[in-house]
Amino acid sequence: MTNLRWLADECIFGPVVKQLRQAGHDVVYAAETLQQTADTGLADLALSDGRLLLTEDKDFGEIIFRKKQRVPGIVLLRIPPEQSALMWPRLEAVVQRHGASLFGQYVVVTATGTRVRPLATPD
């Protein structure tokens with residue numbers, strides 16, 4: 001598996017962050033060091049630090065597509081809390097399949113599938 005650099009939003013289930021780290025990924029977890037940072041601030045940090053943004057917050061879609069804020073890549077986990085046991089296996093499968101090509105993409109991971117959409121390139 002390709003080891004990637006991540007910025008995990010504070011809404012991400014803690015065990016998922018732990019499993020990413022155990023798999024060798026470099027993860028900055030907002031719940032540990034960036035509590036209550038605004039979404040736009042997290043997007044800026046992901047961009048400046050070259051990290052994929054991992055979130056469960058649908059608002060990032062508006063920030064990225066409507067407000068045109070840049071991020072290196074974003075993975076949106078859309079798995080309900082009652083199915084939290086699926087979060088890591090689904091994310092791990094996406095990382096194994098796509099690896100570093102997650103950069104430049106907006107990826108939605110659900111309990112049953114994955115949607116990948118390219119991010120707009122800057123004008």
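## Ground rules

Contact here means heavy atoms within 4.5 Å. Helices (H or I, at least four residues) and strands (E, at least two) are DSSP runs, numbered from the N terminus. The model is predicted, with local features needing pLDDT of at least 70 and side-chain atom pairs counting only at pLDDT 80 or more, while totals for chains, interfaces and linings use all residues. Residues are numbered from 1 along each chain as its sequence is written, and side-chain values use heavy atoms, with hydrogens and water left out.

## Helix 1 against helix 5

Let's start with a helix pair. Two packed helices are described by the angle between their axes and the distance between the axes. Helix 1 and helix 5 have axes 10 Å apart and pack at an angle of about 40 degrees (axes are lines fitted to C-alpha atoms, for helices over the stretch in contact, and angles run from 0 to 180 degrees between N-to-C directions). Because of that angle, helix 1 is oblique to helix 5; angles under 35 degrees count as roughly parallel, over 145 as roughly antiparallel, 65 to 115 as roughly perpendicular and the rest as oblique.

On the helix 1 side, V16, Q19 and L20 meet M87, W88 and L91 of helix 5. Sorted by class, this contact has 5 nonpolar, 1 polar and no charged residues. The classes are as follows: Ala, Val, Leu, Ile, Met, Phe, Trp, Tyr, Cys and Pro are nonpolar, Asp, Glu, Lys and Arg are charged, and the others, Gly among them, are polar.

## Two residues of helix 1

V16 lies in helix 1 and is buried, with a relative accessible area of 1%. The cut-offs are under 20% relative accessible area for buried, over 50% for exposed and in between for partly exposed (1.4 Å probe, protein chains only). Not counting residues up to four places away in sequence, V16 touches L54, M87, W88 and L91. Its C-alpha atom is separated by 5.6 Å from that of W88, 72 residues apart along the chain.

L20, also found in helix 1, counts as buried because its relative accessibility is 0%. Leaving aside neighbours within four places in sequence, L20 is in contact with W6, H25, V27, L54, W88 and L91. From L20 to L4, 16 residues apart in sequence, the C-alpha to C-alpha distance is 9.2 Å.

## The nonpolar cores

In soluble globular proteins, nonpolar side chains tend to be buried together. In this model the largest nonpolar core has 22 residues, and those with the most contacts inside it are W6, I12, L54, L91 and L102. A nonpolar core is a set of buried Ala, Val, Leu, Ile, Met, Phe, Trp, Tyr and Cys residues joined through side-chain atoms within 4.5 Å. At least two residues of this core come from each of strand 1 (5-8), helix 1 (14-22), strand 2 (26-29), strand 3, strand 4, helix 5 (87-98) and strand 5. Helix 5 gives the most, with 5 residues.

What is W6 in contact with, leaving aside its neighbours within four places in sequence? The list is L20, H25, D26, V27, V28, R51, L52, L54, V75, L91, V95 and L102. There is also a second, separate core of 17 residues, which includes L7, L34, L53 and I74.

## Helix 4 and its surroundings

Helix 4 (residues 59-66) has F60, G61, I63, I64 and F65 as its buried residues. These pack against helix 3 (39-49), strand 3 (52-55), strand 4 (74-78), strand 5 (105-110) and strand 6 (114-118). Within helix 4, I64 is buried, with a relative accessible area of 8%. I64 touches Q69, V71, I74 and L119, not counting residues up to four places away in sequence. I64 and A43 are 21 residues apart in sequence and 8.7 Å apart in space, C-alpha to C-alpha. Just after helix 4, K68 takes a positive phi of about 60 degrees.

Helix 3 and helix 4 cross at roughly 65 degrees, and their axes come within 10 Å. This crossing is right-handed. D39, T40, L42 and A43 in helix 3 meet D59, F60 and I63 in helix 4, a contact with 4 nonpolar, 1 polar and 2 charged residues.

## A loop residue

A38 is found in the loop between helix 2 (30-33) and helix 3. Is A38 buried or partly exposed? A38 counts as partly exposed because its relative accessibility is 46%. The C-alpha atoms of A38 and K18, 20 residues apart along the chain, are separated by 23 Å.

Technical notes: Left-handed = near helix turned anticlockwise from the far one by under 90°.
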